[in-house]
Each structure stands twice: as C-alpha cells, then as structure tokens.
Amino acid sequence: MVLRYIFPISLILSVFFLALSSSAVLAEEQPIAFSHKLHTVQNGIACQYCHLYARRSFSSGVPPVSTCIGCHGPQEQKLVQPESVEVNKMRTFWSNNEPIPWVKIHDIPDFVRFPHKEHINADSNRLLDDAGAGCDSENAPRSLECKLAQFRTGGDERCLACHGDVRQMEVIVQVDENFATMGWCMECHLQVKGAKERKRSGNTMAGWYHAKELNKKREADIGLVNEKGYHNPNLLDCYTCHY
Amino acid sequence: MKKGLSRRNLFKYMGVGGATAVVAGCEKSSEKLIPMLIPPTDYEYTPHTAYKYMTTCRECDSACGMMVTTREHRAQKAEGNPNHPVNQGALCARGQASLQTLYNPNRHAHPLADGKQIPWEEGMQQFSAIIKAASGAIAYLGKPASGSEGDFVDEWLQAAGGGQRFKFNLLTQKSQIEANKIAFDHANVPEYAFEKAGVVFNFSTDFLENWGNPVENARRFTDMHVYKNGRKNKFIHISPQVSLTGAKADRWIVINPGTEGLVALAIASVIQKENGTYKFLKKYLQAYSPEKVAEATGVSAETLSELAIDAMEHGPLLALGGGNVSATDQSVETLVGVNILNAVSGALNKTVLFSDQTTPESSTHQDLTQLISDLNAGKIKLLIVDDSNPVYALPPSMGFLQALKKTFVVSLASQKSETTHTANLVLPALTAYESWGDAFPRNGVRSIQQPVMSTVNMFDARAREDILLSVAQNVNKKAFSENSSYLDYLQNIWQKIQRKVGDKRKFDSFWISVLENGGIFEKPKFVRASLNRRVASVKLNDPGMASSDGLTLFPTTSLLLGDGSGANKPWLQEVPDPMSQIVWDSWMEINPDTAQKLGINDRAIVEISTPYGSVQATAYYHFGIHRNAIAIPMGQGHQHSGDVADGFGINVMELLPDQMDKAGSLVFVGAKAKLKLINEKSYTVNTDGNARQLGRDISAATTVEELNNPEKHSSGHNRPVEFYPDRSETAGYYKPYRWGMTIDLDRCNGCSACVVACYAENNLPVVGKVRTAIGREMSWIRMERYIEGYGDDFETRFSPMLCQHCGNAGCETVCPVYATYHNPEGLNAMVYNRCVGTRYCSNNCAYKVRRFNWFNYEFPAPLDQQLNTTITTREVGVMEKCTFCVQRIKDAKYDAKNLGRDLEDGEVVTACQQTCPTKAITFGNLMDPESKVAKNALRDNPAKRDRQYEVLAELNYKPAVTYLKKVNTREVDGHDSDNHGSHEQEQAHS
C-alpha cells in the first residue's frame with residue numbers, strides 16, 4: 001500500500017533537492033562570518049578602501065589579509081575588537097601565514113573574460129540619456145532602471161548596481177537570481193548609445209545588408225566612436241567577452 | 001496487488017531514483033577567492049597584470065636576452081629582450097620552450113642519497129663530509145660558463161681543497177677556435193657580418209639551427225639574403241648534407257664527406273691566382289687547385305672555378321665553416337682552409353670580424369679522456385655534475401659510465417638525466433629562471449640573469465651556487481667570507497663592471513638599471529686580424545670517405561632537441577622537425593638512389609651498425625644527403641630523462657668512436673655504417689600529408705627575373721570576381737581595425753619558433769605520438785614543408801599555416817549554433833561555450849587549421865602553472881584555432897582606451913610575430929595605410945605587389961593572411977609532380 005506513494009513522494013523530494021541545491025540557501029559558508037553591513041554602514045568604510053584592485057585590475061581580486069590586520073591588529077597586539085571570535089579566526093589565519101579561503105559568491109564562468117577595471121572606470125555618458133530614469137527604488141530596487149541609475153552615479157554606488165546593496169548584507173549573497181548569466185549582462189549592455197542601431201547595422205547576423213554608409217558620423221550614430229574621438233569597445237560582439 | 005515488483009513499478013522507481021541521485025549530486029561547487037597576505041609594497045602590484053622581467057636564456061650557449069612575462073608571480077611566457085643586441089627581441093624554439101625547463105615535472109624534487117629521499121640538512125652534511133674527505137681530488141663537470149659562475153666555481157674548488165673544473169658541452173666551437181688561432185692568432189669566435197656580404201659560402205655549418213647564435217644568424221642572414229632593390233644576394237651551401245640551413249640556399253653543391261676544406265682551398269687557389277695577394281700562399285694553394293681536388297671532392301673543376309668567380313664578382317664573400325657534418329679528424333685543417341678562403345677573398349675584417357675577448361671556454365675531448373682515466377685509476381674521489389649530460393652525450397665507447405661508478409658522484413642538476421641517475425647524492429638545483437647569474441657571450445655584451453619568480457613550489461631546490469657557497473663555508477671557515485650568498489658575490493663583480501664602464505651612480509641605481517635593461521650592452525670593438533704564414537704548412541688530405549665500404553654517418557644536431565637537452569620538453573617533442581616533419585622519434589636520412597639499391601623503402605626500419613654499436617631507426621628518403629652517406633639527428637634515445645624523453649628514438653652517439661681531432665674535440669664524422677633492412681613498416685609519425693604541392697601553389701615562389709620583368713606583373717590578388725557586396729561596405733565592420741597578417745616566405749626559414757611560441761601563449765595541449773599519428777595534434781600554427789624538384793636540384797619550401805581569418809570563411813557558414821562568426825574587426829571569432837562539437841567547421845576549412853579537443857587534455861603539474869591566465873583553456877568537445885592572439889589585442893585595446901586613444905601600429909604583436917628571428921610575420925590593422933602590414937598586403941605597394949598571394953585563393957575564402965612569395969634566383973622544376981615513381985614520399989605506415 002505504501003508502495004503506491006513512493007513515486008509521488010520521491011518526485012517531490014527530488015524537486016525539493018533540486019531547488020535547494022541551486023539556491024543560495026545551501027551555498028557554502030564563509031570561513032569567517034564577515035559582515036559588510038557592520039563595516040560599511042556602522043563604521044563607514046568605503047568599498048574601494050578594502051577592494052582596492054576593483055578599479056585597477058582586470059580581475060577584482062579580494063582584499064589582502066593585511067588590510068584586516070591594519071585595523072584589527074595581530075594576535076600580539078589586538079586593537080579593534082580584541083575578543084571577537086570571528087576576528088580572532090582572522091588573526092589565527094594571519095599568524096599561520098595562511099590566506100583566508102573566501103567562498104566566491106559572485107562567480108562568472110571561466111569562458112567569460114570580465115574586466116572589472118573597465119566597468120568601474122566606464123564613462124556613464126556612454127549609456128543612453130534616458131537610461132536609469134523611472135527607477136522605483138522602494139518597490140523594485142533591482143529593476144533595470146535602478147541598476148542603471150546606480151551605475152550612472154559612479155563611485156561606490158556603481159558597485160551596488162551589480163552586487164546589490166552590499167551595505168545591508170550580513171552575509172554576502174547574490175541578489176539577482178540570474179546574476180552573471182549572459183542575459184543579465186546584456187540587459188545593461190544594450191542600454192548604451194547606438195546599440196539598437198548597431199543591431200541593425202551589421203555586427204549581428206540579422207542585418208548586415210542594411211546599412212551601407214561608411215563615414216564617421218554614422219559610426220557615432222551606432223555608438224562606435226565616442227565624443228572624444230576614439231572607439232568604444234563593441235559590446236554587441238561575442239568576441240568582446242568570450243575569447 | 002501482485003506480490004513483488006511489477007515491471008511497471010520497477011521502471012518508475014528506477015527513473016525517480018536515478019533522477020534523484022543525479023539531482024542530489026548537482027550542487028554547484030563554489031570557487032575560492034584567495035587573498036594575498038601582504039601585497040608587494042615596493043611597486044604597485046595589480047593582480048592579473050603582466051609584469052615582464054629581463055633575464056638571460058640558458059637553453060644553449062648563445063645567452064640571448066630574454067623577457068619573461070609573469071602574472072601573479074608565475075612565469076607564463078618567454079620572449080626575447082628587445083634591448084639585447086644579440087637577439088633583438090626574438091627567441092628561437094628552444095628558448096620558447098625554456099618555460100618547460102622551469103616547469104618540467106621531471107625535475108628533481110628532493111635531495112636523494114642513493115635514491116632515498118633525505119632532508120636538506122642531511123644532504124648538505126653529507127656533501128660537506130665528502131668534500132673534506134676528497135680534498136684535492138675533486139672534479140667539477142659542469143657546462144661551460146660564459147659568466148661569473150666559472151670564476152666562482154674555480155674559487156670554490158680552491159676553497160674546498162683543490163680540484164679541477166671541466167667545462168663539458170657536446171657541441172662546441174673548439175675546432176673553429178683552434179683554426180682561428182692557427183690562422184689569425186685569435187683564439188676565439190669572430191662576429192659574422194652577414195649583412196655586409198654579397199655571397200655566403202656555407203661549408204656544412206648549421207648556422208640557422210645550432211651553430212653560433214642561431215637567432216642572430218637568422219636575422220643577419222635574412223637581412224643579407226632577402227629580395228631588395230630588384231636583386232638578391234647569394235647563399236651557396238657546400239656540403240654533403242642539406243639541413244634546415246642548407247634548405248635556404250640558392251644552390252647546393254654536393255661534395256664528398258669530409259672534403260669541405262679541400263673545396264675551400266680550391267676556391268681560394270683560383271681567387272689567389274686571380275688577384276695575386278698573399279703571395280706566400282701561391283705554391284701552397286697550387287697543390288689544391290680545382291683540377292687536383294676534383295676527384296677527391298666530387299665537384300668538377302668548372303664548378304669550383306665558377307664558385308670562385310662568383311665570390312670575386314659578387315663579393316664580399318663570407319665563408320662559414322664548422323658544425324658536426326665537417327667534424328672529421330681533420331676538422332681543424334678543414335677550418336683553417338675556410339679561414340684561408342676568407343682571408344684570400346678579402347672577407348677578413350669585412351665580414352669576419354674579430355675582437356679582443358676571452359676565449360670561450362670548453363674542455364677538450366682530451367681533457368675528458370684524461371678525466372675518465374683518472375676516474376678509472378681512482379684519482380678522483382668526488383665528481384660534481386650539473387645540468388650537462390655527459391653520460392648521454394658522450395659516445396659509450398669512451399667508457400664514461402663505467403668510470404663514474406668508481407667515484408662518489410654528487411649531482412647539482414635541476415633536471416633528471418642519465419647523468420644524475422648515476423649520482424650517489426642528488427641535491428636539486430634551481431633552473432636559470434629562478435636563480436641569479438650572468439653571461440658574457442661576447443665582446444660588448446654583459447647579460448644579467450635574474451630570477452623571474454620565486455622558486456616553483458613543487459620542487460624543494462636551491463640555487464647551485466648557493467649550495468656550493470654554504471657547503472664551502474662548512475668546510476673552510478675562510479671561504480667566501482665576504483659573501484653571504486651568490487647574489488652578493490655577483491653584485492661584487494658587477495660593481496667592478498660598473499667602474500669599468502664608467503658609470504658614476506650609486507650601485508643600487510646602477511643595479512636596477514641593469515636589471516631593467518637586461519644587462520650592459522656596448523658596441524663591440526673590432527681589431528684587425530691578419531693571416532699568419534704558418535697556414536701554409538697545414539696539410540689537408542683526401543679523407544677517402546666517399547669509397548664504398550659503408551656509408552659515412554653524420555650525427556647532425558637537432559633543431560629542436562639540440563644535443564639532447566630538448567627531449568624532456570613536451571613542446572619540442574610534439575612540434576615536428578621542419579625538414580622531415582617527424583615527431584617523437586629519430587630517423588635516418590638516406591638518399592633515395594642509395595636506398596633503392598639497398599632495397600630499403602621510405603619509412604622502413606633499418607638497423608644501422610658501425611664497429612662501435614648498432615641501433616634501429618626509420619629510413620627517411622631525403623634528396624639532401626650524399627649518396628654515400630646517412631645522417632641521423634641527435635637528441636633522442638634517452639633512458640632516464642623523464643617520461644617525455646625516455647623510450648623515443650635512438651641515441652646516435654652510441655655509433656661513434658672515441659676519437660678526437662687536433663683541437664681535442666670529439667670527431668663526429670668518424671664512423672662508417674652498414675645497413676640492414678629489419679621491417680618494411682615502421683611506426684614513425686610525420687605530420688605532413690604530402691611532401692608535394694601538386695600544383696596547388698600553397699607555398700609559392702617567383703624568381704628575381706620574373707619580378708624584374710616589366711611584362712610579367714601580377715594582375716591582382718588571385719581571387720575571382722565578387723558577386724556580393726563586401727562586408728567593408730557596412731557601417732559596423734572594420735572600423736577602426738581590420739586585423740590582418742602577412743607572412744614573407746622569402747624571410748621564413750622554417751625554424752618553427754612561431755609554432756612553439758603559439759603553444760606557450762595559447763595553452764595548447766600536447767597530445768603525444770599516438771594521437772599525432774591520427775592527426776589530432778593541437779598546433780594552431782604549423783610549419784608546412786614542401787619539396788620541389790628531384791635529386792640534387794631539389795628545393796625545400798616552408799610555409800607557416802594558421803587560421804587565415806577568412807573574409808568569406810567556409811567554417812562560419814556551416815556552424816549550426818553560430819559558435820564561429822566573422823567579428824567586426826575581421827577576426828574569425830571562436831566562441832568556445834557555444835560550440836557543441838559537430839566539427840562541421842573543421843570539415844569545411846580548406847586550410848585544415850581548426851583543432852578539436854577530443855579529450856580534456858592534461859597539463860601535469862607544474863606545467864599547469866605556465867598556463868596563460870588571460871585566455872580560456874578549452875575543455876573536451878570544443879573546437880579551437882588561431883585567434884590572432886585576441887587576448888593581446890584586447891589587452892592592448894583596453895590600455896589604449898584608458899589612455900584615451902585608439903591603437904597605433906605595432907602595439908599589438910602576436911606571439912608568432914614577436915618571436916620570429918627573421919621578422920617574417922607582420923600583423924596589424926589593414927585599415928591603417930601607414931601600418932607595416934598594410935604596406936605588405938595591400939595592392940597599392942608596387943614593391944610587394946607581384947609577390948602577394950593568398951593560399952587557395954581560387955576558393956574565394958578571402959583570407960586575411962597574405963603571403964609574399966619566396967624569391968628564388970632560379971627556377972626549380974617541380975611541376976610534373978604526379979607519379980614520379982620511386983621519388984614520391986609515401987604515406988607513413990602504422
């Protein structure tokens with residue numbers, strides 16, 4: 001009699017496991033329970049104070065342990081939070097000369113080459129003039145308009161466009177379900193000047209027989225050349241990211 | 001319900017159970033972010049950024065300057081140092097493979113005593129103890145030192161109680177140095193100013209492969225030899241054997257083995273008679289007149305006179321002598337003959353330039369024979385060896401291996417080799433890329449060698465000189481008392497150098513500038529040399545090698561393996577030897593006529609016996625070898641050099657006698673071989689499909705005459721008329737860049753440095769012999785070799801073939817998932833993650849340059865540390881091919897964008913272009929009319945127009961790679977190519 005229910009129960013269980021395994025809930029725990037909320041909101045540290053390679057390098061890197069020690073002090077000379085269990089974990093790593101093996105939450109596949117520096121230093125003028133207008137930050141904080149508005153703002157606000165409101169996070173999570181899928185990246189990449197026109201102008205398979213003009217003015221129309229006179233990276237070309 | 005499990009229910013449970021198991025196992029495993037502990041503070045360090053360090057390449061004795069690109073403190077790519085006067089930014093194939101010396105899995109990882117692992121402290125104690133016991137009876141058998149390490153070891157030996165240093169290298173220029181001493185009173189090697197010569201006579205040297213400095217020779221030779229201003233200078237190869245060097249010649253004069261000197265003297269006699277200089281030579285040279293030597297040399301008197309007249313009319317001459325093929329027991333006399341020719345023709349002090357410098361050191365064969373007898377007599381109590389490999393390289397008939405057993409051997413080598421296998425105590429040393437040193441290869445060049453990264457973490461090794469230093473301080477308190485390390489010792493020497501060059505800065509600033517530059521380079525100071533009369537008493541006899549009792553054996557150097565040290569590097573085994581296109585093996589070159597007479601087919605297995613040994617190798621039909629000779633390359637046949645070297649090919653040194661010439665060098669050409677057919681079929685793998693072009697014009701050539709003929713101008717790129725509008729008419733395409741490449745076949749000599757550079761830059765896997773046999777090698781650029789003509793009048797043509805980035809690609813249209821497409825900058829883009837592995841693209845590629853990943857290929861540790869992190873490493877199931885180094889293009893574009901401008905010509909350099917010693921490859925933006933590549937590729941340049949062509953242009957693929965035809969001085973008839981009977985190269989049998 002029980003046998004009858006085995007099939008539906010297993011079906012439900014497997015769907016449950018599937019959901020669990022792909023969600024952030026079952027994600028691995030960090031070696032140290034570092035709270036961004038505490039450090040950024042309470043203590044007012046800027047993103048790029050610790051994450052210094054974000055604007056300097058292709059890969060964003062992760063803060064060196066010496067940055068933590070800079071404020072908290074090593075075992076011998078505990079400065080900030082001498083008794084905290086988590087901070088002492090970090091001090092132990094330091095005294096053993098071991099780097100802290102952080103779990104990478106914001107991960108993109110190895111076949112995508114993502115230059116962190118170019119994004120932090122990007123010129124907001126490249127975005128469409130109305131990109132970011134109509135952001136409803138209370139009801140839909142992760143809408144495309146809000147992300148574009150955050151990106152436009154520049155500085156540390158720009159970090160939040162992709163990483164979400166890290167300032168409110170006790171534990172870092174991926175805010176967008178479809179983070180780092182190509183669709184998620186292309187949402188913003190399609191909001192640059194000239195992208196719509198370029199889709200019809202010949203870079204994609206669809207319309208290469210449409211446009212025939214060659215002059216620089218036309219290049220500017222399709223967003224290839226910027227106001228300063230040099231060329232922007234072509235965001236609609238597969239080879240820009242997948243090489 | 002029925003008892004038990006019904007069929008229907010079984011399937012239900014299996015399905016759900018299986019699905020659950022799969023799904024439950026499907027958790028995303030996370031990657032880790034590893035921070036630094038303390039970032040570097042003496043410079044602004046950024047991750048994922050390339051930092052380049054200048055050092056010196058130590059793969060051979062040339063000591064080219066090297067620039068190593070490191071990312072995250074790992075060396076990932078080696079290039080030439082652009083500031084170095086010797087190689088000027090280029091690097092040969094062996095230099096490119098130097099990273100596989102550094103990351104070789106077959107390096108010594110731990111100190112060993114009699115094969116058992118011991119801690120370093122114990123190893124050092126044992127070493128100190130044996131030094132104390134062996135005081136006065138120590139022998140240090142190392143490579144010849146061109147820098148400070150020689151003096152260091154000499155001082156060390158003194159501090160250790162006395163001993164002798166031997167400088168062993170199988171390939172030396174000792175005979176040449178001796179001949180120069182006799183003829184010119186200069187016991188060293190001159191500089192050869194190829195670019196000043198009008199004619200080059202090459203007497204059997206392999207100057208583009210392993211003789212002298214091949215990178216510099218290639219560059220200077222090409223400057224002299226390329227088609228310029230409507231004419232070409234001449235290069236004549238006078239030898240019994242044609243190697244890669246000889247393949248570049250305008251004419252090959254076949255001479256009998258060992259008669260190079262006689263030919264040189266015959267030519268000299270004609271010249272001397274003509275211009276009457278050097279009167280004291282008149283009588284001497286009359287004995288070597290063309291008529292008198294014609295029979296011995298096998299060259300007619302007319303030809304010899306022709307050559308002499310050529311040298312006089314089109315001079316200045318440059319005559320080169322040396323190398324293995326002329327290394328008979330008369331090698332010194334032969335080279336004196338070549339020297340006489342240089343003097344008589346006026347080449348001396350014009351194209352042959354001497355300077356006052358210390359003689360390059362190397363021990364003579366005589367010295368080694370003495371060492372062996374001392375070892376046998378028990379006079380040597382301690383023998384220290386480093387990375388030279390005498391157990392492998394010396395002929396076994398010398399008895400070195402047996403002699404080693406009579407003493408205590410300590411190995412201070414980094415790589416496992418036959419020699420270190422015999423060692424009682426192994427103390428692993430660091431490679432040159434992780435340790436300090438210097439090199440003074442010649443007058444005016446002081447090259448620094450610095451560690452480009454900290455030591456490879458898999459190997460518990462120390463710098464050789466530091467091991468010696470601390471052991472010396474254990475044994476002798478006063479030894480090296482002012483030096484805490486070898487770096488210290490080195491800096492003392494460089495302080496003296498600083499004073500010598502007159503640099504007035506603080507030493508620290510001077511030192512930094514030396515490290516940034518790669519060394520101190522000054523213009524060489526030449527001195528006048530003159531011919532000494534004593535040459536008239538040097539007698540040269542007919543060596544009589546052309547007689548029929550056996551075939552003369554030539555042990556040739558291998559372009560990629562050198563004297564054998566390249567065999568443990570996977571890239572050098574996988575990249576085909578350009579002349580034979582054979583991989584992972586040895587072969588025996590034999591003339592087809594001789595082989596036919598002996599009943600030996602192409603690629604049959606033959607037993608080659610000399611009175612000293614016998615080996616079995618595959619016969620390779622080669623027009624470029626004398627009918628009474630055979631040639632076998634060195635370098636294979638290892639037994640204890642690691643899994644990439646052991647068991648492949650044979651060691652030709654086993655066939656050689658223990659014989660030396662008047663300079664005390666080993667006689668290489670001293671044995672006659674007998675052949676016996678063993679098996680009609682062999683398992684020798686070659687990567688060329690057909691040695692003939694069959695009229696396809698893949699590697700095309702033209703002649704000087706045709707180029708100068710005003711009526712014979714090319715009508716245009718050999719393409720059909722186009723029907724559809726070109727992509728350049730659309731707004732999105734080719735603005736501002738359209739990447740293109742030209743390959744000048746007149747400059748290319750087939751050295752394959754580009755092939756190895758591509759392996760290094762793009763994380764290409766090595767697939768091994770079995771898979772190469774079925775065509776699964778992964779090279780993105782390959783060196784194709786085609787033969788034109790037959791018999792003595794044959795021509796070898798090379799053509800580097802890579803993805804042509806076609807404007808109208810065959811591969812793009814057939815991909816069902818749009819994984820490959822034409823990118824707006826003209827590249828044929830390959831998106832690995834979209835590829836599903838239909839392989840239709842490779843099927844449709846007419847050039848067969850697309851490579852499929854049939855497996856997840858391994859990079860055994862620590863070779864995976866060499867992988868370039870700026871590029872995706874491909875997994876099983878995806879297609880890959882040349883990308884025109886898109887990672888370099890992107891990096892350069894980001895840099896330019898951050899500077900607020902577009903790219904300029906020369907900022908993007910592909911790996912193949914950068915390493916080419918002859919600068920045959922140009923790359924850049926075809927849309928920029930001022931760029932080098934546009935000047936070579938576009939139709940509006942009259943100087944290049946008649947030479948431009950595309951491969952298989954009639955297919956209308958519109959390649960972005962334009963080839964420039966090789967320019968010959970005469971036509972070689974290869975066009976009646978079908979079914980020429982026995983001369984056809986047959987397919988390899990497996």
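This is a predicted model: local features need pLDDT of at least 70, side-chain atom pairs count only at pLDDT 80 or more; totals for chains, interfaces and linings use all residues.
**Ground rules.** Local features need pLDDT of at least 70 and side-chain atom pairs count only at pLDDT 80 or more, while totals for chains, interfaces and linings use all residues, and side-chain values use heavy atoms, leaving out hydrogens and water. Residues are numbered from 1 along each chain as its sequence is written, with chains lettered from A and ligands numbered from 1 in the order in which they are written.

**Chain A overview.** I started with the secondary structure of chain A and found eleven helices and one strand (DSSP runs numbered from the N terminus: helices are H or I of at least four residues, strands are E of at least two). From the N terminus on, the order reads α-α-α-α-α-β-α-α-α-α-α-α. Of its 243 residues, 37% count as buried (buried is under 20% relative accessible area, exposed over 50%, partly exposed in between, with a 1.4 Å probe and protein chains only).

**A patch on chain A.** Next I looked up A:F16, which sits in helix α1 (residues 3-22). A:F16 counts as partly exposed because its relative accessibility is 48%. Together with A:Y5, A:I9 and A:L13, A:F16 makes a nonpolar surface patch of about 410 Å² (patch residues have over 30% relative accessible area and no salt bridge; like charges are joined within 9 Å, nonpolar side chains, namely Val, Leu, Ile, Met, Phe, Trp and Tyr, within 5 Å; a salt bridge is a Lys or Arg side-chain nitrogen within 4 Å of an Asp or Glu carboxyl oxygen; areas are Shrake-Rupley with a 1.4 Å probe, and for residues only the protein chains shown count as cover).

**Cores.** The largest nonpolar core has 87 residues, and B:W739 and B:Y963 are among those with the most contacts inside it (a core is a set of buried Ala, Val, Leu, Ile, Met, Phe, Trp, Tyr and Cys residues joined through side-chain atoms within 4.5 Å). Helix α24 (residues 753-761) of chain B gives the most to this core, seven residues. A second, separate core of 66 residues includes B:F203 and B:L335.

**B:N591.** I found B:N591 in the loop between β24 (587-590) and α22 (592-598) of chain B. B:N591 is buried because its relative accessible area is 2%. Leaving aside neighbours within four places in sequence, its contacts (heavy atoms within 4.5 Å) include B:H622 and B:R627. Its side chain reaches the backbone nitrogen of B:D593 at 3.0 Å.

Notes
A polar contact is a pair of N or O atoms within 3.5 Å; within protein, one must be able to donate a hydrogen and the other to accept it, and residues adjacent in sequence count only if both atoms are side-chain atoms.
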